[in-house]
Amino acid sequence: MAGYMKFNTKEEFLKFMRFEKENDYGIERITVDHVQQYIKIPLHCASVPEIPDAWRGDREFITEAVKINGDVLAQASEELQRDRQLYLLAAETCNHYGNLPPIPAAWKSDREFVSAAPQKNDGVLKQAAAQNDNVYEKTEPSDEGNADREFILKLLSVDGRFLYRIYGRCVSADAADMELVRAAISQNHSVATIFSYDALHNRDFVKQLVNIHGRVLEYVDPQFRDDEELVYDAVVTYRAFEFASNRLKNDEAFLMKILDKNPSCIVYAPVKYREDRALMERLIAVHPYVYRYVKGDLQTDLSLALYALKKDVGVYDFVRGALKNNARVKEILRETAYDETKGAQDRAYAMRMLGLKK
């Protein structure tokens with residue numbers, strides 16, 4: 001393992017890191033070739049070797065290492081971890097599954113940092129920000145709400161919990177600035193807990209919230225989870241059927257309406273519907289990955305498995321038991337692997353599942 005390797009010189013350490021990056025070390029092992037389309041940074045999944053204690057405060061060495069793989073910063077001295085420019089460089093070069101140090105709370109109101117952060121690597125920075133889950137629980141409202149509005153909106157787009165710094169707690173519906181609320185809840189739905197009891201019992205206000213992010217339904221008064229219009233609105237913006245009342249989950253007419261909007265909501269429906277072949281086939285036609293939720297005899301139904309695979313070969317991940325090695329199932333994989341009209345990702349996936357090399 002790279003983490004346990006020892007190096008005699010810094011040059012030797014950096015040489016090893018460059019070698020791993022250039023060879024995309026580990027990609028086949030963790031099969032993340034599909035990730036590249038979702039990130040803007042070069043994909044390299046190499047682990048970072050353990051840095052000797054004596055080197056952790058060497059700015060020149062850490063800077064050179066961070067240029068190769070930003071994950072190095074997690075092993076740097078505290079002083080270097082709090083260097084904003086070094087942190088932004090690390091965000092740009094780190095692994096997609098990176099391990100950046102938590103973002104210091106003070107940086108979240110620093111205009112230079114917040115302006116630059118999303119352009120470097122928005123996803124990884126939000127992940128690092130999430131490590132400070134309680135950072136705003138201990139702060140008081142400030143005059144930041146009177147600052148430049150464009151800047152405040154940018155802050156909220158990086159971490160919605162900044163809304164706590166503006167309002168504190170128990171915000172009434174009348175006091176809420178909906179532009180700021182929209183920016184905050186879009187980034188972090190749990191910010192809905194900032195609102196007062198009365199606000200979360202106000203149907204008109206709750207309707208605005210679930211139209212921003214459906215998962216807000218989790219925090220509102222239970223009566224609204226039994227409200228067909230609000231639950232439907234929540235499903236439009238998020239797969240929020242999970243939080244619907246049992247009555248609505250068992251209302252077949254309403255369930256069908258929900259499934260027409262978001263087939264994957266079947267996972268929250270009573271099991272009897274997931275055992276209904278005609279229904280599951282209809283949903284699979286629209287959203288093949290719904291196959292993963294079939295229950296009962298459908299889990300061993302060869303014809304349904306073949307139908308789903310023809311819609312999307314990736315469904316093979318969810319084919320159960322002996323069906324995995326069924327000759328007709330394997331034939332679909334082979335057809336996909338060598339079909340030039342199929343996407344490169346599907347063909348590569350089929351080849352991996354068959355144990356073939358490109």
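Biologist: Why is Arg 347 called partly exposed, rather than buried or exposed?

Modeller: In this predicted model, Arg 347 has a relative accessibility of 22%, and since buried means under 20% and exposed means over 50%, with partly exposed in between, Arg 347 counts as partly exposed.

Biologist: What makes the contact between Glu 340 and Arg 347 a salt bridge?

Modeller: The side chains of Glu 340 and Arg 347 meet at 3.3 Å, N to O, and a salt bridge requires a side-chain nitrogen of Lys or Arg within 4 Å of a carboxyl oxygen of Asp or Glu, so the pair Glu 340 and Arg 347 qualifies. Glu 340, at 64% relative accessibility, counts as exposed, because exposed means over 50%.

Biologist: How do you know whether Arg 203 and Asp 227 are buried or partly exposed?

Modeller: Asp 227 has 17% relative accessibility and therefore counts as buried, the cut-off being under 20%, whereas Arg 203, at 29%, counts as partly exposed. The side chains of these two residues, Arg 203 and Asp 227, meet in a salt bridge at 2.8 Å, N to O.

Biologist: Which residues are linked with Arg 203 and Asp 227 in a network of salt bridges?

Modeller: Lys 207, Glu 229 and Asp 233 are linked with Arg 203 and Asp 227 in that network, and the structure holds 18 salt bridges.

Biologist: What makes the pair of Asp 58 and Lys 10 a link between distant parts of the chain?

Modeller: Asp 58 and Lys 10 meet in a salt bridge of 2.3 Å, N to O, and they are 48 residues apart, with Asp 58 in the loop between α2 (27-30) and α3 and Lys 10 in helix α1 (residues 10-22). Asp 58, at 21% relative accessibility, counts as partly exposed, and Lys 10, at 26%, also counts as partly exposed.

Biologist: Why is helix α3 called roughly parallel to helix α5?

Modeller: The axes of α3 (residues 59-68) and α5 (residues 84-93) come within 7 Å and cross at roughly 30°, and because angles under 35 degrees count as roughly parallel, α3 is roughly parallel to α5.

Biologist: Which residues in α3 and α5 meet?

Modeller: Ile 62, Thr 63, Val 66, Lys 67 and Ile 68 in α3 meet Leu 86, Leu 89, Ala 90 and Thr 93 in α5, and by class this contact has six nonpolar, two polar and one charged residues.

Notes
Residues numbered from 1 in each chain as written. Predicted model: local features only at pLDDT ≥ 70, side-chain atom pairs only at ≥ 80, totals over all residues. Heavy atoms only, no water. Axes fitted to C-alpha atoms, helices over the stretch in contact; angles between N-to-C directions. Helix = DSSP H or I, 4+ residues; strand = E, 2+ residues; numbered from the N terminus. Parallel < 35°, antiparallel > 145°, perpendicular 65-115°, else oblique. Contact = heavy atoms within 4.5 Å. Nonpolar A, V, L, I, M, F, W, Y, C, P; charged D, E, K, R; others polar. Buried < 20%, exposed > 50% of the residue type's maximum accessible area, 1.4 Å probe, protein only.
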